[in-house]
Structures are given as structure tokens and as C-alpha cells.
Amino acid sequence: MRKSRRAAMAAALTALAVGGTTAAFTQPAAAAPTAAAAQAAYNGVCGTGYKVVNSADIGTQGTVYLTYNAKSGYNCAVTIRKTSGSPVYIFTSVSVPDTYESGSDAGDYRSYAGPVYVYGKGYCVDWAGGIANQGVWTYGSNCGARVATRVTKADGKSVRSTVAEPRAAVAGGTR
């Protein structure tokens, strides 16, 4: 177990060294959904000035997006279903642990939950989204840490992984 964690960390550091945004998983890669299978397009619902700084696929059902407005210092999260249809349970949340500020939205929706906002300039943010019986939570993200922790839950199973942060993921600016 100790060797596999070291190997996963080495893979994450290697991905970061070459400037990639590839996720390095501590679980077998087969446990991770493919990006093409779940990617739902960001719908701009957070408003003018918000740019996507991070995202995570939610199984095969959709995507949760974290956006940031450099002018206001606010983060916004929205969970978007890949295909609209009959209402299903969808949730989204975003929080700043250092300030205890958080926002969330949940309910039976046809296409998306959110937007929810939190002031995050200069802080790490935690964000999450879920659709039906699948969800993803990201902790310690977008603060220059270079690696965040992600927990994916589907059908009663949890997978914890480390995720390389995108280059432009620092709240308050770009790298």
C-alpha cells in the first residue's frame, strides 16, 4: 500500500512537472470515468466575467464546474446534467474552509443546480456536485497547492484520488 501511494504521488508530480492537467489516481484508472463520456458544456449561468477554472465529471451524467471572477474575487459552482430530461436530484456546493463561507443548491432539476457563489480570492476552495446516485467532491482546490483531493462516489462506492490542478486554477489570478 505504501509503495502504491508513493507511485501515485510520483505520477502526480511528473504530470505537474510537464505542465499537464492529467489526474493521478491512487485507485486503478478503470475506476475513473472517461472525460468524453460525461462532459457537459458549461452554460454561462454564473454570469459575466466568470471563467471556468476547474471541472470534474460526475460519472456519465454530467459535470460540476468551478468558475472565478477575477474582478470581484468570487467563485461560482454549477452542476450541469449531460442530457436534460425528467427532474432528478442534482446538487452543487462551494465553500472556503478558512472563512467558513459556503453556498449550496439542491433539488429535483431537469438540467442544472446552482449557481452558488462564495468569496474566494486568495483562499483554497472546496466544491462538489452530484446527479442522481453519483457525486464528486474536491477539497483544497485552486489555491496554488498544485494538487487537490477528489472523492468520487457512485453506486455506494467511494474512490479517493489526488488531482493535478490546472495552471490557471489559482484564485485571484493565473500562474
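Student: What are the ground rules here?
Tutor: The model is predicted: local features need pLDDT of at least 70, side-chain atom pairs count only at pLDDT 80 or more, and totals for chains, interfaces and linings use all residues. Residues are numbered from 1 along each chain as its sequence is written, and side-chain values use heavy atoms, with hydrogens and water left out.

Student: How many aromatic pairs does the structure hold?
Tutor: There are 5. Rings of Phe, Tyr and Trp (its six-membered ring) pair if their centres lie within 6.5 Å; planes under 30 degrees apart are stacked, over 60 edge-to-face, the rest tilted. Phe 91 and Trp 137 make a tilted pair, 5.7 Å centre to centre with 35 degrees between the planes.

Student: Where do Phe 91 and Trp 137 sit in the chain?
Tutor: Phe 91 is in strand 4 (residues 88-96) and Trp 137 is in strand 8 (residues 134-141), 46 residues apart. Strands are DSSP runs (E, at least two residues), numbered from the N terminus.

Student: Is Phe 91 buried or exposed?
Tutor: Phe 91 is buried, at 15% relative accessible area. Trp 137 is partly exposed, at 23%. Buried means under 20%, exposed over 50%, partly exposed in between (1.4 Å probe, protein chains only).

Student: Which strand does strand 4 join by bridges?
Tutor: Strand 5 (residues 101-109), running antiparallel, with 9 bridges. Two strands pair if DSSP finds at least two bridges between them. Val 94 stands opposite Gly 103 in strand 5.

Student: What's in the turn of that hairpin?
Tutor: The hairpin has 4 residues between its strands. Tyr 100 lies in that loop. Tyr 100 has a positive phi of about 65 degrees although it is not a glycine. Why call Tyr 100 exposed? Because its relative accessible area is 75%.

Student: Where is Ala 132 found?
Tutor: Ala 132 is in the loop between strand 7 (125-131) and strand 8. Ala 132 also has a positive phi, about 55 degrees, and is not a glycine. Ala 132 is partly exposed at 43%.

Student: New topic. Which residues does the cis peptide bond join?
Tutor: Gly 114 and Pro 115, with omega about 10 degrees. Pro 115 is in strand 6.

Student: And what does the side chain of Asp 57 contact?
Tutor: The side chain of Thr 63, in a polar contact of 3.4 Å. Such a contact is a pair of N or O atoms within 3.5 Å; within protein, one must be able to donate a hydrogen and the other to accept it, and residues adjacent in sequence count only if both atoms are side-chain atoms. Asp 57 lies in strand 1 (residues 51-58) and is buried at 17% relative accessibility.
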